Amino acid sequence: MISTKNQKYEATQIECIYMNYDRIGIKLYGRRLVPTDLCFYFEQSQENKGLRGLNEWAARHKKQVKQKFFQTLM
């Protein structure tokens, strides 16, 4: 499960994870754009640990991590 301030998302709702430089977006099934609340950065001091954890989560839940430009939905 991934959670934001306002909502929780089950792994089954998540299609894939986009990465564009240091910007990360969680794409949901049935959506063309990444919701703004699912777009984030890791602080530089936490980037390595955060990316490692995110990749481990993706592998555990069989979600692709794609190096790709993505647009957000405001």
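Predicted model: local features only at pLDDT ≥ 70, side-chain atom pairs only at ≥ 80, totals over all residues.
Among contacts between residues at least 6 apart in sequence, 52% join residues at least 24 apart. The protein has one helix and eight strands, and from the N terminus on the order of elements is β-β-β-β-β-β-α-β-β. Its radius of gyration is 12 Å, close to the 11 Å that the globule rule gives for 74 residues, so the protein is as compact as a globular protein of that length. The C-alpha trace spans about 30 × 25 × 25 Å along its principal axes. Of the 74 residues, 32% count as buried.

I turn now to the aromatic residues. The structure holds two aromatic pairs. In one of them, Tyr18 and Phe70 are stacked, at 5.9 Å centre to centre with 25° between the planes. Which parts of the chain does this pair tie together? Tyr18 lies in strand 3, residues 14-20, and Phe70 in the loop between strand 7 (64-67) and strand 8 (72-73), so the pair links parts that are 52 residues apart in sequence. Tyr18 is buried, with a relative accessible area of 8%, and Phe70 is buried as well, at 3%.

The rings of Phe40 and Phe42 also pair: their centres are 5.5 Å apart and their planes stand at 80°, so this pair is edge-to-face. Phe40 counts as partly exposed, at 28% relative accessibility, and Phe42 is partly exposed with a relative accessible area of 25%.

Let me return to Phe70. Arg23 lies over the face of its ring, at 4.2 Å from the ring centre.

Finally, the surface. The accessible surface of the protein comes to about 5,400 Å², of which 48% belongs to carbon and sulfur atoms.

Notes: Residues numbered from 1 in each chain as written. Heavy atoms only, no water. Phe/Tyr/Trp six-rings, centres within 6.5 Å; stacked < 30°, edge-to-face > 60°. Helix = DSSP H or I, 4+ residues; strand = E, 2+ residues; numbered from the N terminus. Buried < 20%, exposed > 50% of the residue type's maximum accessible area, 1.4 Å probe, protein only. Lys NZ or Arg CZ within 6 Å of the ring centre and 35° of its normal. Rg over C-alpha atoms; globule rule 2.2 N^0.38 Å. Contact = heavy atoms within 4.5 Å. Areas by Shrake-Rupley, 256 points an atom, 1.4 Å probe, with all protein chains shown as cover.
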